[in-house]
Amino acid sequence: MDDASVEAVVREVLAAVRDRGDAAVAEYAAKFDKSQRDGFEVSQAERAAALEELDPQTREDTEFAIDNVRRFAEAQRATLQPLEVEVMPGVHLGHRVIPVERVGCYVPGGRYPLLSAPIMTIVPAKVAGVDEVVAALPPNAHPAMVAGCHLSGADRIFRIGGAQAIAAMAFGTESVPRVDKIVGPGNAFVNEAKRQVFGAVGIDQLAGPSEIYVLADETGDAEMIATDLLAQAEHDPRTRVGLITTSRALAEATLAEVERQLGDLPTAATAGQAWRDSGEIVVAADEATMIAYSEEIAAEHLQIHTRDPRDFARKLRNYGSLFIGELASVVYSDKCSGTNHTLPTMAAGRYTGGLWVGTYLKVATHQWLDERGVRAVAPPAVRQSASEGLEGHRRAAQLRLDRMQAR
């Protein structure tokens, strides 16, 4: 489906939900998801049932991932501190770090039940101190996803998917509260809906298909590189995968290894299409060329398989998340190691990082002045305002100075 038709469908959905609330959500749930739920919100009883059905080992692994993501988010939060500074006598400036009041976390249904998805959006929000975290997931999402939302700390969970979920959270309905910011990945309709509601609410980013690139010299292991490329490729047939290397021998060995592994990979239908449509192996003349090409791509996931990967990592600046050394697989971050897997795609790594605890925080500045400060800043402010022809500004700047001088 082309972008224009997606845009038109989403515009219709947003307008309908904004105007007719729950009734429109129910219509689109029936149309798109074949869902006929009486209510959208997941009850406490349904949460308890989802937890009861969750395999004990799956729950243990989910809680392991939650603990790691929470610990890393808490460490990140500790680096963000309020500020108070006297920039000159009597002029006090500062900022506060303020949590967003209410956040909507979209949890995709996807082709597989991705239990890590709610962890990555909900846990950092709770660590940031968000007052209310609202989770939305498609009606047909696996029940384990409800359990994942609950364990991650969602205050409210709604069985609403697609563009109608984004609309409900952005505008509010009789059942769904209006949020201040929406985060989380989804399909083309979800992505387009986030784009169209941006402004009315904040969003984290616009996510495209997943990406993985590996930077490797002659020390790279072809089997390991091929395995990691295909692990990401099985997400989606539009996944972009690639190897950039200075070694032609490694390039050829990796090419052969990818084809060999596709022969017995159960998800080869998806991974193979991604490889055929969007896979690439680039042989660079030297390290500088390899880095330059990588910086242009700004891959979502970037692995480094070189002789000295930690030193090599210091030379890079454009990526979503970096995986340093052959032991650091993207899969660990995708699932449970603690860094967030919601990352910039489509070269957005040139100007932004991924989802993190700071996504849910506002850094808001303030100032206060005593008389010494007014005497210092008022005269240049008066002169600037006058030169710009802004008489109201000039009077506001002058008034306080005049009153002080009159005393």
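How many nonpolar, polar and charged residues does the lining of the second largest pocket have? The lining has eight nonpolar, eight polar and no charged residues (nonpolar: Ala, Val, Leu, Ile, Met, Phe, Trp, Tyr, Cys and Pro; charged: Asp, Glu, Lys and Arg; polar: the others, Gly among them).

The model is predicted, so local features need pLDDT of at least 70 and side-chain atom pairs count only at pLDDT 80 or more, while totals for chains, interfaces and linings use all residues. Residues are numbered from 1 along each chain as its sequence is written, and side-chain values use heavy atoms, with hydrogens and water left out.

**View A. The second largest pocket holds about 210 Å³ of space.** Of its 16 lining residues, the closest to the centre are Phe72, Gln76, Asn340, Leu355 and Trp356. Helix H4 (residues 56-78) gives the most to the lining, with four residues. A pocket is an open set of points on a 1 Å grid over the protein atoms alone, where a 1.4 Å probe fits, with protein on both sides within 12 Å along at least five of seven lines; lining residues have an atom within 4 Å of a point. Grid points are joined across faces, edges and corners, and the volume is the space filled by probe spheres set on them.

**View B. Five strands form an open parallel sheet in the order E10-E9-E8-E11-E12.** Strand E10 (279-283) and strand E12 (321-324) are the edge strands, each pairing on one side only. The twist from one strand to the next averages 15°. Strands (E, at least two residues) and helices (H or I, at least four) are DSSP runs numbered from the N terminus; two strands pair if DSSP finds at least two bridges between them.

**View C. Strand E8 (residues 211-216) pairs with strand E9 (residues 240-245) in the parallel sense over six bridges.** Ala216 has Thr245 in E9 as its bridge partner. Helix H9 (residues 222-233) lies across E8, E9 and strand E11 (301-305), at about 170° to E8. Axes are lines fitted to C-alpha atoms, for helices over the stretch in contact (heavy atoms within 4.5 Å), and angles run from 0 to 180 degrees between N-to-C directions.

**View D. Thr270 belongs to helix H11 (residues 268-278).** Thr270 is buried, with a relative accessible area of 11% (buried: under 20%, 1.4 Å probe, protein chains only). Its C-alpha atom is separated by 4.9 Å from that of Pro237, 33 residues apart along the chain.

**View E. Ser35 lies in the loop between helix H2 (22-33) and helix H3 (44-53).** Ser35 counts as buried, at 11% relative accessibility. Leaving aside neighbours within four places in sequence, Ser35 is in contact with Ala29, Ala30 and Pro139.

Note on methods
Buried < 20%, exposed > 50% of the residue type's maximum accessible area, 1.4 Å probe, protein only.
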